[in-house]
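Have the structure open while you read.

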Amino acid sequence: MQESHAAVQYQNGMRPELWPDAELRQRRHLELLVRADFARSPYRDLKRVTCSLENDVLVLSGRVASYYLKQLAQSLALDRVAGKIMVQNDLQVSPQESDY
């Protein structure tokens, strides 16, 4: 699943190819694409998952209603980054907040 530049919301309004460090550009672009994948998800819980790049690790955070959604978020992120950066799943499961 590749995402066009036009469909991605860029940090600080600056497209990744304009950032100075090529490796940082690639990692930040992957972060933005994962965010876009979550935003397109049919699951409302995944739309609220946040991700941030911390020391070359993409950290997933927030709350989801089930372990299935936690695993789904991780799988989406891992598929997108394809081994280029690590993914750390810090999502919390709160079944009472069910909002599929």
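Let's start with two helices: H1 (residues 22–40) and H3 (residues 67–81) pack at an angle of about 140 degrees, their axes 10 Å apart. Because angles under 35 degrees count as roughly parallel, over 145 as roughly antiparallel, 65 to 115 as roughly perpendicular and the rest as oblique, H1 is oblique to H3. (Axes are lines fitted to C-alpha atoms, for helices over the stretch in contact, and angles run from 0 to 180 degrees between N-to-C directions.) The crossing of H1 and H3 is right-handed, meaning the near helix is turned clockwise from the far one by less than a right angle.

On the H1 side, Leu 30, Leu 33, Val 34, Asp 37, Phe 38 and Arg 40 meet Ala 73, Leu 76, Ala 77, Arg 80 and Val 81 of H3; contact here is heavy atoms within 4.5 Å. By class, that H1–H3 contact has eight nonpolar, no polar and three charged residues.

A caveat on the source: this is a predicted model, where local features need pLDDT of at least 70 and side-chain atom pairs count only at pLDDT 80 or more, while totals for chains, interfaces and linings use all residues. Residues are numbered from 1 along each chain as its sequence is written, and side-chain values use heavy atoms, with hydrogens and water left out.

Ala 39 also belongs to H1. Ala 39 is partly exposed, at a relative accessible area of 47% (buried is under 20%, exposed over 50%, partly exposed in between, with a 1.4 Å probe and protein chains only). Its C-alpha atom is 10.0 Å from that of Thr 50, eleven residues away along the chain.

Now the sheet. Three strands form an open sheet in the order E1-E2-E4, with mixed pairing. E1 and E4 stand at the edges with a single partner strand each, so one side of each has no neighbour in the sheet. Neighbouring strands are turned by 25 degrees against each other on average, direction ignored.

| Strand | Residues |
|---|---|
| E1 | 50–54 |
| E2 | 57–61 |
| E4 | 86–89 |

E1 and E2 run antiparallel, joined by five bridges; two strands pair if DSSP finds at least two bridges between them. Ser 52 stands opposite Val 59 in E2. H1 lies across E1 and E2, at about 170 degrees to E1.

Zooming out, the protein has three helices and five strands, running α-α-β-β-β-α-β-β from the N terminus. Helices (H or I, at least four residues) and strands (E, at least two) are DSSP runs, numbered from the N terminus. Buried residues make up 38% of the 100 residues.

How values were computed. Ala, Val, Leu, Ile, Met, Phe, Trp, Tyr, Cys and Pro count as nonpolar, Asp, Glu, Lys and Arg as charged, and the others, Gly among them, as polar.
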